[in-house]
Amino acid sequence: MATSLRRAREGAGLSQEQVAYRAGLTRYTYQKYEKGESRPGRPANPTLRTVLAISQVLGMSLDDLIPDAIPDLRSR
């Protein structure tokens with residue numbers, strides 16, 4: 001998701017701040033999603049609402065935002 005977010009954002013000519021604002025997020029939160037992590041060493045785990053909002057802002061399908069290798073997000 002991270003790499004595709006950055007490419008899509010740059011392709012749309014938007015800043016991180018613009019995407020965050022339009023998706024109802026803070027810039028810091030959006031930056032973490034674009035980096036692909038929520039905390040160092042932990043994969044990003046956005047809510048469905050957040051994924052939908054980002055996809056709408058960037059004009060992407062949900063399939064484009066879901067990583068090919070889905071990390072194991074189950075609690076241990």
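I started with Arg-6, which counts as partly exposed at 47% relative accessibility (buried is under 20% relative accessible area, exposed over 50%, partly exposed in between, with a 1.4 Å probe and protein chains only). A note to myself: this is a predicted model, where local features need pLDDT of at least 70, side-chain atom pairs count only at pLDDT 80 or more, and totals for chains, interfaces and linings use all residues. Residues are numbered from 1 along each chain as its sequence is written, and side-chain values use heavy atoms, leaving out hydrogens and water.

Next I looked up the partner of Arg-6. Its side chain meets that of Glu-10 in a salt bridge, 3.1 Å from N to O (a side-chain nitrogen of Lys or Arg within 4 Å of a carboxyl oxygen of Asp or Glu). Glu-10 is partly exposed too, at 43%.

Arg-9 forms one with Glu-34, with the closest N and O atoms 2.8 Å apart. This pair links distant parts of the chain, with Arg-9 in α1 and Glu-34 in α3, 25 residues apart. Arg-9 is buried at 10%, and Glu-34 is buried at 9%.

Last, I checked Tyr-30. Leaving aside residues up to four places away in sequence, Tyr-30 touches Leu-5, Arg-9, Gln-16, Val-19, Ala-20, Leu-25, Ile-54 and Leu-58 (contact means heavy atoms within 4.5 Å).

Terms used: Helix = DSSP H or I, 4+ residues; strand = E, 2+ residues; numbered from the N terminus.
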